[in-house]
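User: I am new to protein structures and would like to learn how to read one feature at a time. Could you take me through this one slowly?

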Amino acid sequence: MIILGGGPNRIGQGIEFDYCCVHASFALRELGYETIMVNSNPETVSTDYDTSDKLYFEPLTLEDVLNIYERENVNDQVLGVIVQFGGQTPLNLAKGLEENGVRIIGTSPKNIELAEDRKMFAKLLDDLGLHQAESGTATSLEEALAITARIGYPSLVRPSFVLGGRAMQIVYSDAELTHYMKNAVEATPDRPVLVDRFLEDATEVDVDCISDGETTVIGAIMEHIEEAGIHSGDSACVIPPFSLSAAMQDRIRDAAKKLAKALNVRGLMNMQLAVKGDDLYVIEVNPRASRTAPFVSKAIGVPLPKLAAKIMVGKTLKELGFTEEVIPKHHSVKEAVFPFSKFTGVDIILGPEMKSTGEVMGIDYDLGMAFAKSQMAAGGTLPTKGNVFISVKETDRPNVVRIAKGYADLGFTLYATSGTGSVITDAGIPVNILPKLASGQRPNVIDLMKNKDMALVINTPSGKNPREDEVKIRTAAMQNRIPIMTTLRGADAALRAIKSLQGSEVQVRALQEYHK
């Protein structure tokens, strides 16, 4: 059995896929198969000498994989090639491999393409009665402009078959779209640009599930803390969901099972959705292991990649003893780790293009404490007292009062700029007004940060082109190692975490204790 890895680690494709490849190798060995790993990354476990029976330290290209397959497939000995566990890189090779006579086991390349091809996938969703944000595919600037004229701005634009959200952008005008089409990507009939109506103020949801072609079991529904529009690899997320209604969660389960059956998934599938009010939108579906697979496996205590590998060689979920969704009594929070401290002056605002270089996990029976643990692991320990600076964009101001009151009730002293501060003051909450940086008056918020007089910063960006002083504030927070929240949902999660830290001691438990 040949397993294709993810290749060299880079932003968007990292150790999560290595976890899946290693567990697949272990699972197939348990069943008595010889495993052959193809990967070219010296920092992964999959390239250790004792993980698989054979290792080809070769590039993940069509030519190289075909050469390996030809060498190993003497007397038709290779049962098949697994492309589901290495992320987008091996998935992009599936069609070419099959056309050259290579047996792809698991979900077929035809169904992989059905999920990747925008027009085919849109028709599938219509047939299943599922909804997508208005969208279109463009192979030229004229086509892209025609789509945005129909669906409106802001729009999310991205290349098809994208890895890690690269070259993905939210555009707000014809001028920005024109610049993107001329400079960011080269659109072709085989690789069109995808244009989607961007859903503002929506909650993003990830779903991992496993299917044997007949039975589909939900691994977990993950609710993102950051709103839709931030790359899923950069967003903190929670298992089980903390604000979605039971009815909405059932709709999500139903959608996942419908899609897994329609795509004839054999193995793992990841689905990303957006919830806006009572509306549920499918963003995309990946019939492969996602970067969330290790997180979900540890959160629910079930090694999903191992089970998926066994399904690919003919086992059923019933035979493997996994036929019902596990809904844990504890909370698990996945948090991204960013390299911003090493890049002075870079704005830390997140978007659709992935920027994180790792991830950590916090677990506790209390949601607030689980989030607090995730922040500790990511290197951003939350304060339990001190001063909080709040400056949010205009559209966030109606919702900032509740958060400001929450921090004031926990004993924090509030500071704000005049615009945000007036809203907080009007609600009867004490707040100290600081001068804007551009005014030249001192002391300002950066002075307080440099003097270690600020414990937490809440600063949401004002739009596509953030004001210069916003960037300076966020950069100063990073340089002075002050926790900073750039979304109201993040500030709300931090509030919940601080309340838990004030009320109880941090308890350390082994992962296995949560699954007894």
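Predicted model: local features only at pLDDT ≥ 70, side-chain atom pairs only at ≥ 80, totals over all residues.

User: Which way do the side chains of strand β19 point, and are they buried or exposed?

Analyst: In a regular strand the side chains alternate between the two faces of the sheet. Helices (H or I, at least four residues) and strands (E, at least two) are DSSP runs, numbered from the N terminus. Buried means under 20% relative accessible area, exposed means over 50%, and partly exposed lies in between, with a 1.4 Å probe and protein chains only. In strand β19 (residues 456-459), Leu456 and Ile458 point one way, Val457 and Asn459 point the other way, and all of them are buried.

User: Which strands are joined to β19 by bridges?

Analyst: Two strands pair if DSSP finds at least two bridges between them. Strand β16 (residues 387-391) runs parallel to β19 and is joined to it by 4 bridges, with Ser391 standing opposite Asn459. Strand β20 (residues 484-485) also runs parallel to β19, here with 2 bridges, and Ile484 in β20 is the bridge partner of Val457. For an antiparallel case, look at β5 and strand β8 (residues 193-197), which are joined by 4 bridges; there Ser135 has Asp196 of β8 as its bridge partner.

User: How many salt bridges are found in the whole structure, and what do they link?

Analyst: A salt bridge is a side-chain nitrogen of Lys or Arg within 4 Å of a carboxyl oxygen of Asp or Glu. A search of the whole structure finds 18 salt bridges. One of them joins the side chains of Glu72 and Lys54, at 3.0 Å from N to O. This pair links distant parts of the chain, with Glu72 in helix α2 (residues 62-72) and Lys54 in strand β3 (residues 54-56), 18 residues apart. Glu72 is buried at 9% relative accessibility, whereas Lys54 is partly exposed at 33%.
Another salt bridge is formed by Glu325 and Arg253, whose closest N and O atoms are 2.6 Å apart. Glu325 lies in the loop between α12 (317-320) and β14 (331-337) and Arg253 in helix α9 (residues 246-262), so this pair ties together parts that are 72 residues apart in sequence.

User: Which salt bridge joins residues about one helical turn apart?

Analyst: Asp409 and Lys405 form a salt bridge with their closest N and O atoms 2.9 Å apart. They are separated by about one helical turn because they sit 4 residues apart in helix α14 (residues 397-409). Asp409 is exposed, with a relative accessible area of 55%, while Lys405 is partly exposed at 44%.

User: Where does Asp278 lie, and what is it in contact with?

Analyst: Contact means heavy atoms within 4.5 Å. Asp278 lies in the loop between β12 (266-276) and β13 (279-286), and it is exposed at 66% relative accessibility. Leaving aside neighbours within four places in sequence, Asp278 is in contact with Met248 and Arg251.

How values were computed:
Residues numbered from 1 in each chain as written. Heavy atoms only, no water.
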